[in-house]
Structure formats: structure tokens, C-alpha cells
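Please look over the sequence and the model below. Then follow the text through it, one region at a time.

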Amino acid sequence: MRYSALRVIKEALTGHKGWTPAWREVAPQAHYDYIVIGGGGHGLATAYYLARNHGAKKVAVLEKGWIGGGNVGRNTTIIRSNYLLDGNEPFYEHSLKLWEGLEQDLNYNAMVSQRGILNLIHSDAQRDSFTRRGNAMILNGADADLLSTQTIQKRYPFLNVDNARFPIKGGLAQHRGGTVRHDAVAWGYARAADQLGVDIIQNCEVTGFRIQGGTCLGVETSRGYIAGGKIAACVAGSSGRLMSKAGMRLPIESHVLQAFVSEGLKPVLPGVITFGAGHFYCSQSDKGGLVFGGDIDGYNSYAQRGNLPVVEDVCEGAMAIFPMLGRVRLLRMWGGIMDMSMDGSPIIDRTHIDGLYFNGGWCYGGFKATPASGWCYAHLLARDTPHDFAKAYRFDRFEKGQMIDEKGVGNNPQLH
């Protein structure tokens, strides 16, 4: 079924009796050519591009819960490609280009809104750093615009430009950045993958791998054994626990990242704004709530809940540039599990076990990377060679000293 304005009108006039489920409920088959473990955005995108770009026929996505219930529904919806290093910027720019055509590609309203993102500048040294970043973006085909204090004050009159401690001295804007409805991305990819014959199997937890002679033959699940030609792990913050079942120890740590949303307000924030003197970012949802977040919790955890010190830190950042937020009530908060790599950049690579592949270590970049992650992971699975945009995302970069340290803090995952 294709969605269209005429179809919506027809269903409205006939009591909405013609809608069918967005994807099939299927029982797992005994064997698949490709098994993607993880029904989040990255896993579903991988399955979709395997079928669409590479003609794969027997593909399954195994999700231990329900589609849209994991990290893909627990983020702050921001998309952007304002990265600095050569290993990252081309990849994220490719992802942003895929976002721009995603709704037409999937025939699904993912609420892609390129409302822009602004990174505030609070010091002369930071201006130099952001100028360098903007130039790197432009060299890689992205858009970047260095704004003056006067321009920012005109566009965002509610900002505390003359803050004595954190004066706003300008900002780096990417006008093509913005937000996307996070769970709609999962639903859109699931529906499109299903239409290409992909089996999406919910409530199917992988409990182990069947490995013989250095080759992965399939997976043990809560719904029985499923054999596979190639097994693709793609479970974000649960990567360490999953890959330990194959005897692997990953160069990542799992931390909780909290997010918050305020009560609904009239339109006050036209785009995404980030605080340059602390980790705080904010946008306004289509429902009117201000969606914001900050740093990860400082300790390792698999719990999808946060703690009060981070709440305090985020609120301090908010009040520094948005004094008006002191009058707004917090509606709710939640947490997602981040798989933080040793250099702050992801991994898309084969493992030392034949037939077993890994996608993870996304840190703060997971949601915005969804289309390109699926695109490049599908390429790796289908051709056994890394895609040009992901050729730097290898396991051996840590051994070879070729880290992609975007934030310059080395092997300190909690600082990325």
C-alpha cells in the first residue's frame, strides 16, 4: 500500500477501514542469507538497503523487544553533518543527503525538518576552532555559515548574548541540519524493508551464537535456532553484552544518555541550538515541547534511566543561555544506552569470526547516522569490502594508532 493525500482522504471518508498493518507478523524461518540482530534504526536501514541496493532476498531482522522501543525512540531527534575529521565528515554528509530524500524513498512521513542547527561561540579560541570546522565541512561538500553576534541576536532575540560569564561571540550554523521524528524513522524503514521481502521478527532475543571452526553458522534465540549465511550485529548500547556471547571483548563502554522534554509551548525556538561552553543542546518539537539534553552519565550502566547530577548540569547549561527556561516545567525525561568507543567514532567492520559482522560504537552520533550506517553496513555485508564513506571505521584502527578522535580526548569514552 502506498501512502498519498488521496488515500488519506479516501480513508477519512470511509471510516479508516482500509488501512493494513505497516509490516507483516512472521515466524522465523530455519535459514536466512542475512540475519541482522537489532531492530533499531541502523538494523532496519541495513536490512532495507541490503534488499534495495543489493537485491538480497532472504533477510531477517531480529528484535528482542518491539520496533521503535530501543535507542531509536530514546534520542533527541537531531540530524547534522557538522564534523571536522576526514574519517567522519564525508560519512555524515552522505547521511544528511540520504535524510533529505528519505521520505520520498520510503513513502513515509518521517517528519524531516531542516530547521537548521547553530553551535554558539563563547571565546576567541572557540571561534578559531569553529572556523576550522566550518572550512572542513565546506571542503567535504557540506554547508557551513559563520554568524556574527549581531546576526544571532537578530535571529534569536531570547538568547542571553551579554552573559557576563558566557558571552555569545558568534556561532557556526548548518542550515541543512535539523530534526526528524525518531520512531517514525524505525517504522518507515520497517515498512519499506517488509515490502521488499525482509522478515521483521519482534520479541526474538538472540541468546548465543553457533560458532564452529572459526565460522559463525547462526544464532540461538528465544524462538529457537536460526541459521544464517552472514550475521550482522547492530544493537547499539547492548553491543558489549551481545558480542561477549561470541567471546569478543569490544573497545567500547556503555553509558546512559539522558534526554528531557518540557511542557508544550508556543513556537519560540526556530532551530536547534547548542551551548558552546558546556554540553547542552535544545530544539522545539512539533508538539511544542522543548527537547534538550547534555552529557552522558559518568559511570558505566545498562539502565535506561538517569541521575540527578546530570539533570542539574543540563539545567545549568540551559539557564546560562536560555534564562526563560527557568519558568518552564519539565514534562518528562528518559535515558538511552550509548556505546562509547575509545576515540568517539563508530565501528563498521568484519570480526575475526568468519560470517560475523559488527556495527556499533556510535557514541552521540547514532541517530543522525542512521541512513548512512545502514547504507555502508549493507555494502560491507553484500560485498565484504568497506564502503568508501566507512573505510576508516575499522577495528584495527586502535591497534594501528589511526584513531578518528573528533573531540581530541583520546581513549576517554566518557568525554566523547
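This is a predicted model: local features need pLDDT of at least 70, side-chain atom pairs count only at pLDDT 80 or more; totals for chains, interfaces and linings use all residues.

Start with the helices. Two packed helices are described by the angle between their axes and the distance between the axes. Take helix α2, residues 41–54, and helix α10, residues 370–383. Their axes lie 7 Å apart, and the packing angle is about 55 degrees. An angle of 65 to 115 degrees would count as roughly perpendicular, and one under 35 degrees as roughly parallel. The pair α2 and α10 is therefore oblique. The crossing of these two helices, α2 and α10, is right-handed.

Which residues make this contact? From α2 come G41, H42, A45, T46, Y49, L50, R52, N53 and H54. From α10 come T370, P371, S373, G374, W375, Y377, A378, H379, L381, A382 and R383. Sorted by class, the contact of α2 with α10 has nine nonpolar and nine polar residues, plus two charged ones.

Now turn to helix α3, residues 89–100, which also meets α10. The axes of α3 and α10 come within 7 Å and cross at roughly 110 degrees. That angle is why α3 counts as roughly perpendicular to α10. On the α3 side, the contact residues are F91, H94, S95, L98 and W99. On the α10 side, they are T370, P371, A372, S373, W375 and C376. The contact of α3 with α10 has seven nonpolar residues, four polar ones and no charged ones. T370, P371, S373 and W375 of α10 are listed in the contact with α2, and also in the contact with α3.

Stay with W99, which sits in helix α3. Is W99 buried or exposed? Its relative accessibility is 1%, so W99 is buried. Setting aside residues up to four places away in sequence, W99 touches I79, V112, V180, V185, F367, K368, T370 and P371. Two of these, T370 and P371, are also α10 residues in the contact with α3. R80 is 19 residues from W99 in sequence, and their C-alpha atoms are 9.7 Å apart.

Next, the cysteines. How many disulfides does the structure hold? The count is zero. A disulfide needs two cysteine sulfur atoms within 2.5 Å. For C204, the closest cysteine sulfur is in C216, 14 Å away, so the pair is too far apart for a bond. C204 is buried, because its relative accessible area is 1%. For C315, the closest cysteine sulfur is in C282, at 11 Å, so this pair is also too far apart for a bond. C315 is partly exposed, with a relative accessible area of 37%.

Last, the backbone. Most residues other than glycine have a negative phi, and most peptide bonds are trans. A236 is not a glycine, yet its phi is positive, at about 50 degrees. A236 lies in the loop between β11 (224–233) and α8 (239–244). With a relative accessible area of 25%, A236 is partly exposed.

C363 has a positive phi too, near 50 degrees, and is likewise a residue other than glycine. Where is C363? C363 lies in the loop between β18 (356–360) and α10. At 4% relative accessibility, C363 counts as buried.

Key: Residues are numbered from 1 along each chain as its sequence is written. Side-chain values use heavy atoms; hydrogens and water are left out. Axes are lines fitted to C-alpha atoms, for helices over the stretch in contact, and angles run from 0 to 180 degrees between N-to-C directions. Helices (H or I, at least four residues) and strands (E, at least two) are DSSP runs, numbered from the N terminus. Angles under 35 degrees count as roughly parallel, over 145 as roughly antiparallel, 65 to 115 as roughly perpendicular and the rest as oblique. A crossing is left-handed if the near helix is turned anticlockwise from the far one by less than a right angle, and right-handed if clockwise. Contact means heavy atoms within 4.5 Å. Ala, Val, Leu, Ile, Met, Phe, Trp, Tyr, Cys and Pro count as nonpolar, Asp, Glu, Lys and Arg as charged, and the others, Gly among them, as polar. Buried means under 20% relative accessible area, exposed over 50%, partly exposed in between (1.4 Å probe, protein chains only).
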